[in-house]
Amino acid sequence: MRVTARTTLFVIFGDPIGHSLSPAMQNAALQAAGIDGLYVPWRVKAAGLSAALEALRWMENFGGANITIPHKEQAVSLVDEVSPEAASVGAVNTIVARRGRLVGANTDGRGFLRSLQEDGGFVPRGRQAAILGAGGAARAVAWSLAEAGIAEVLIVNRTVERAESLASLVSQRHGVSAIGLGLGDPRISRRVADCPLVVNTTSVGLSPSDPPPIDPALLRPGMLVFDLIYRPPETALLREARVRGCQVLGGLGMLLYQGALAFELWTGRKPSEEAMRTALNQALA
Ligand code: ATR
């Protein structure tokens with residue numbers, strides 16, 4: 001491609017950033033849409049995020065930004081406006097410039113929900129779900145399940161205090177029945193077994209030698225087990241779940257859909273998801 005002074009720039013800020021598949025996916029979408037744009041990964045340390053975002057205001061050919069690990073929470077206080085979703089989740093993963101103001105949005109929750117419904121065929125309304133983990137990703141998942149009418153949420157986390165605090169947030173904000181338990185709590189065995197949906201939001205599984213984040217004996221045939229991790233494509237959790245007759249879903253769909261929503265916020269156009277998916281698969285291969 002030819003980069004000129006008229007080329008619109010898109011960036012992703014994170015630290016580390018080398019692993020990100022967003023540049024491959026978003027550049028493919030820009031190209032397929034015939035947009036003169038370039039999406040670049042930029043490593044920014046936490047101490048520099050404020051200055052980096054400030055710089056975006058001055059770049060007249062700025063088209064939009066993504067924010068990733070570990071900056072999503074910090075970005076909430078650094079933008080001029082926060083969308084209702086980003087405020088609820090407490091994290092910004094997408095920034096749009098509107099009349100010189102930076103607007104922070106969050107597309108992770110809706111990306112998750114779309115994958116759950118379209119790829120997993122799961123209807124949350126009136127059902128129960130177990131969420132493993134209680135960090136930023138767990139908050140986005142809990143928010144979107146609550147929005148979609150889930151009846152009951154069980155949050156299981158290594159640090160029980162974080163599980164309890166997310167559970168009380170979910171029940172206060174959304175009126176969903178929620179309980180937070182520690183990983184070693186004897187009550188989790190019966191409660192997880194009752195859930196038709198189990199979602200892993202922890203980082204356990206990112207390394208191929210990681211064990212499953214929960215005892216696989218708790219998984220039952222017919223459950224949907226959704227791991228937000230997309231690399232490796234099959235974590236130990238998904239392997240164990242598959243062997244036990246569960247339906248399994250990895251994180252690639254969510255990655256694609258949150259990116260497609262961000263693209264739409266920046267450009268006002270729906271991207272070619274086929275081009276994005278092809279680029280993702282190539283980058284992973
Ligand atoms: P993210 O924003 O991606 O969710 P995070 O906020 O750092 O990242 O949360 C990481 C989650 O993975 C947490 O729920 C964390 O558990 P703690 O709250 O106890 O820290 C979980 N996690 C990370 N490493 C883990 C491990 N080795 N065993 C169990 N849980 C782990």
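1. Helices and strands here are DSSP runs, numbered from the N terminus; a helix is a run of H or I with at least four residues, and a strand is a run of E with at least two. With that in place, α7 gives the most to the lining of the largest cavity, supplying five residues. The model is predicted.

2. The structure has one cavity of 30 Å³ or more. For the largest cavity the volume comes to about 70 Å³. Its lining is made up of Ser88, Val89, Arg139, Ala142, Trp143, Leu166, Leu169, Val170, Arg173 and His174. Two or more of these residues come from each of α4 (84–89), α6 and α7 (160–174).

3. By class, the lining of the largest cavity has six nonpolar residues, two polar and two charged. Arg139 and Arg173 are among the residues of this lining, and arginine counts as charged.

4. Turning to the open space, the largest pocket holds about 1,400 Å³. It is lined by 45 residues, of which Ile69, Ala137, Thr201, Thr202 and Ser203 are the closest to its centre. Elements that each supply at least two residues of this lining are β3 (62–67), α3 (72–76), α6 (136–147), β8 (152–157) and α10 (252–267).

5. The lining of the largest pocket divides into 21 nonpolar, 18 polar and six charged residues.

6. Where is the ligand? The space it takes is the largest pocket. Around the ligand are Gly133, Ala134, Gly135, Gly136, Ala137, Asn157, Arg158, Thr159, Arg162, Thr202, Ser203 and Val204. This shell has three nonpolar, seven polar and two charged residues.

7. For Ala137, a backbone N or O atom lies 3.0 Å from a ligand oxygen. In the side chain of Thr159, an N or O atom is 2.4 Å from an oxygen atom of the ligand. On its own the ligand has 640 Å² of accessible area, and the protein covers 67% of this.

Notes. Residues are numbered from 1 along each chain as its sequence is written. This is a predicted model: local features need pLDDT of at least 70, side-chain atom pairs count only at pLDDT 80 or more; totals for chains, interfaces and linings use all residues. Side-chain values use heavy atoms; hydrogens and water are left out. A residue is near a molecule or strand if one of its heavy atoms lies within 4 Å of it. A polar contact is a pair of N or O atoms within 3.5 Å; within protein, one must be able to donate a hydrogen and the other to accept it, and residues adjacent in sequence count only if both atoms are side-chain atoms. Accessible areas come from the Shrake-Rupley method with a 1.4 Å probe; for residues, only the protein chains shown count as cover. On a 1 Å grid over the protein atoms alone, a cavity is a set of points where a 1.4 Å probe fits but cannot get out, and a pocket is an open set with protein on both sides within 12 Å along at least five of seven lines; lining residues have an atom within 4 Å of a point. A molecule sits in a cavity or pocket if more than half of its atoms lie within 2 Å of its grid points. Grid points are joined across faces, edges and corners, and a volume is the space filled by probe spheres set on the points.
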